[in-house]
Amino acid sequence: MAKDNELLEQLSQSDYKYGFVSNIEQEFAPIGLNEDIIKLISSKKNEPDFMLQWRLKAFKHWKTLKEPEWAKVNYPPIDYQAIYYYASPKAKPKKSLDEIDPEMLATFEKLGIPLNERKILSGVAVDAVFDSVSVATTFKEKLAEKGVIFCPISDALVEHPELVRKYIGSVVPYTDNYFAALNSAVFTDGSFCYIPKGVRCPMELSTYFRINAASTGQFERTLIVADEGSYVSYLEGCTAPMRDENQLHAAVVELVAHKDAQIKYSTVQNWYPGDKEGRGGIYNFVTKRGICLDSNAKISWTQVETGSAITWKYPSCILKGDNSVGEFYSVAMTNHHQQADTGTKMIHIGKNTKSRIVSKGISAGLSHNSYRGLVRVSKKAEGARNFSQCDSLLLGDKCGAHTFPYIEVSNKTSTVEHEATTSKISDDILFYFNQRGIGREEAVAMIVNGYAKEVLSQLPMEFAVEAQKLLAVSLEGSVG
Amino acid sequence: MALLKISNLHAEIDGKPILKGLDLMINKGEVHAIMGPNGSGKSTLAAVLTGREGYTVTDGSVEFNDSDLLALSADERAKAGIFLAFQYPVEVPGVSNANFMKAAVNEARKYRGQETLDAFDFIQLMKEKAALVEMDSSFLSRSVNEGFSGGEKKKNEIFQMAMLEPSLAILDETDSGLDIDALRIVSNGVNKLRASDRAIVVITHYQRLLDYIVPDFVHVLYKGKIVLSGTKELALILEEKGYEWLEGEQS
């Protein structure tokens, strides 16, 4: 017992490495939310009218909704009128990398995000979103040769309005839920990606989200469309400065996979989690969903969630096409006062659809970590198969792990399997490592990484290494 | 020069005294057997020497290579050259034997100011040492002890000892739960690791193990103290007369 307490104390010394604030002149819309703000956002972006009308409908609908309360998370009521819904760097960079505010380039440099194409060889195309605005997208021309569109969604609305119009809200309609409705009304930027028929995207696409300004909400919207027989692997990373207040992040991600197309979507979420007393941190209320529209499509979600004060997120797959496949691989780690309620929904509609869920929760400190998942097999889904594995690992005895698996099966020919385990890093295991000369901090990192291996191995190589480091950093300070 | 010098050691767990004035001196190159009935303090001695938490030393001293052993943390003691073959080795899901040993060996090398081994040399070394305990090198990619039989777990302990080349190895009831074939393989492995710069302490209930690993000295631990020391013949006397005989000897 004494050892547990010590371990907890050691764990609580970990530092958040991305907590700095960049000194960049910014322009804000007036605080609060009303129709005028939405019109302002829309006009700032020079959006086509259909977008504004859609936003206004979403706003109207949002006002009729109540904040959901079913998740196992606790937080004081959010005052939606005390948030800035639009913040943008004053100097409008956009066109060329050379024109970007050097302070901002320095920020992304500090975060390890390469924006200077000439300097990088890593072969990852990056879109960087700073508060409400996308500041740079790299490798745009190289991608264009293949017909791949990868740009800020605000640019896509101007340059490819019909494409956006066809798909936006088709997977997550604004009526979907409270936060999706809010996002639809006020989303400010995010990435748009379209892979044409038969094209295998020649490089990893990546968006990096950074919240900088105080009292600002981030509401990005990402839309990825993979046309017939195409393939894309997309990565998403996020950080925010350390602030004593809570900040709201309510994003929507929609994925559309056509016949024989594959989308692999990876997230390393490292929003500021708050300090060890639970002050500050991001409220991360995100709706992510993909649809396998036609046969043999595949969508694979991989997430490593270490940040945010509260995470509320269920990347899901609608398996409409016959033989389509959905996957969800997740590592969610909570420490101190963090709360995570995350999982997935696999909706089997097509025949012989398959889904696989691997969820690894790691709880430390006073945190709570819940897996919430739904597997639904509809009447027509002949021969559907699901396999779910939900494991929880506890560090110490003051944290909690919870599992809420929901299974609804309406077709007798389907197979649904669910496995769950809960384990604890015991004193016996730690002593075993110590006796072999391995200190406590490294022991915990090795055990946690070993435990999360099945998920981490799904990440693209560069990200897997980052994620491993991130898990270790989140546990840093555990030397006795 | 003594490798290990234990003087008047008193230790307790949860306020309950277990070791009550234990003295023991061990030199390099020697093999010592410590025998004694249940509850006499054998495993407590191993735990105190290796720095396991929960045990409080209330009196006495332990010198290892002429410096204060009790001032070091558990992992420092390991890196300084003390190895414990566990009576009940734990299972560590998700961490492979190879990764586990690589971390352990490199920690020890760093501690001694040596360069860490590269992957190729390391794999060669592991294969060589695995052969000592007749283990197929395929176990290296499996998780530490996960799904291992009792015999495999004990072999793995001796394999780790071979990898880490300690100057003092403590084998805590390594014979428990072994069938006769496994006992022979494990003992052979230990015998091959006998060396002039290494001492081995064998903790056991039974004389049987000492037929395979022949000790230079045998000590009887009884009610928290070493009450009798002798050569290997002492073990035979104990086997014959039982530990109750000690009651009479003591008074």
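Biologist: Which residues is A:R376 in contact with, leaving aside its neighbours within four places in sequence?
Modeller: A:R376 is in contact with A:M346, A:I347, A:H348 and A:E408. Keep in mind that this is a predicted model.

Biologist: What does the side chain of A:R376 do with A:E408?
Modeller: The two side chains make a polar contact of 2.8 Å.

Biologist: Where does A:R376 lie, and what is its relative accessible area?
Modeller: A:R376 belongs to strand β20 of chain A, residues 368-377. Its relative accessible area is 34%, so A:R376 is partly exposed.

Biologist: Changing topic to the interface. How many residues of chain A are in contact with chain B?
Modeller: 19 residues of chain A are in contact with 28 residues of chain B. In chain A, A:F431, A:Y432 and A:R436 lose the most area to chain B, and together they account for 37% of what that side buries.

Biologist: What is the area buried between the two chains?
Modeller: About 2000 Å², with 63% of that given by carbon and sulfur atoms.

Biologist: And how many salt bridges are there between chain A and chain B?
Modeller: Three salt bridges. One is formed by B:E157 with A:R436, where the closest N and O atoms are 2.6 Å apart.

Biologist: Which helices of chain A supply at least two residues to the side that touches chain B?
Modeller: α1 (2-11), α9 (427-435) and α10 (440-456) each do. α9(A) gives the most, with seven residues.

Biologist: What is the make-up of that side by class?
Modeller: The side of chain A that touches chain B has seven nonpolar, five polar and seven charged residues.

Biologist: Now the interior of chain A. Is helix α8 enclosed or exposed?
Modeller: Nine of the nine residues of α8(A), residues 178-186, are buried, so the helix is largely enclosed by the rest of the structure. Among them are A:Y178, A:F179 and A:N183.

Biologist: Which residue caps the N-terminal end of α8(A)?
Modeller: A:N177 does, with a side-chain oxygen 2.9 Å from the backbone nitrogen of A:F179.

Biologist: Which residue stands opposite A:I263?
Modeller: A:I299, in β14(A).

Biologist: Which side chain makes a polar contact with that of A:T207?
Modeller: The side chain of A:S191, at 2.6 Å. A:T207 lies in strand β7 of chain A, residues 204-210, and its relative accessibility is 0%, so A:T207 counts as buried. Beyond four places in sequence, the contacts of A:T207 include A:D127, A:F150 and A:Y234.

Biologist: And B:T204, buried or exposed?
Modeller: Buried, because its relative accessibility is 0%. B:T204 is in strand β10 of chain B, residues 199-204. A polar atom of its side chain lies 3.1 Å from the backbone nitrogen of B:Y206.

Biologist: Back to salt bridges. How many are there over all chains?
Modeller: 22. One of the pairs is A:R55 and A:E47, at 2.6 Å, N to O. A:R55 is buried, with a relative accessible area of 0%, and A:E47 counts as buried at 12%.

Biologist: What joins B:K79 and B:E107?
Modeller: Their side chains meet in a salt bridge of 3.7 Å, N to O. B:K79 lies in helix α2 (74-79) and B:E107 in helix α3 (97-111) of chain B, so the pair ties together parts 28 residues apart in sequence. B:D75 and B:K110 are linked with B:K79 and B:E107 in a network of salt bridges.

Biologist: Which side chain meets that of B:K153 in a salt bridge?
Modeller: That of B:E91, at 3.2 Å, N to O. B:K153 is in helix α5 (150-164) and B:E91 in the loop between β6 (82-85) and β7 (92-96) of chain B, so the pair ties together parts 62 residues apart in sequence. B:K153 counts as buried at 17% relative accessibility, whereas B:E91 is partly exposed at 33%.

Key: Residues numbered from 1 in each chain as written. Chains lettered and ligands numbered in written order. Predicted model: local features only at pLDDT ≥ 70, side-chain atom pairs only at ≥ 80, totals over all residues. Heavy atoms only, no water. Contact = heavy atoms within 4.5 Å. Buried area = accessible area lost by both parts, 1.4 Å probe. Salt bridge = Lys/Arg side-chain N within 4 Å of Asp/Glu carboxyl O. Helix = DSSP H or I, 4+ residues; strand = E, 2+ residues; numbered from the N terminus. Nonpolar A, V, L, I, M, F, W, Y, C, P; charged D, E, K, R; others polar. Pairing = 2+ DSSP bridges. Buried < 20%, exposed > 50% of the residue type's maximum accessible area, 1.4 Å probe, protein only. Polar contact = N/O pair within 3.5 Å; in protein donor to acceptor, adjacent residues only side chain to side chain.
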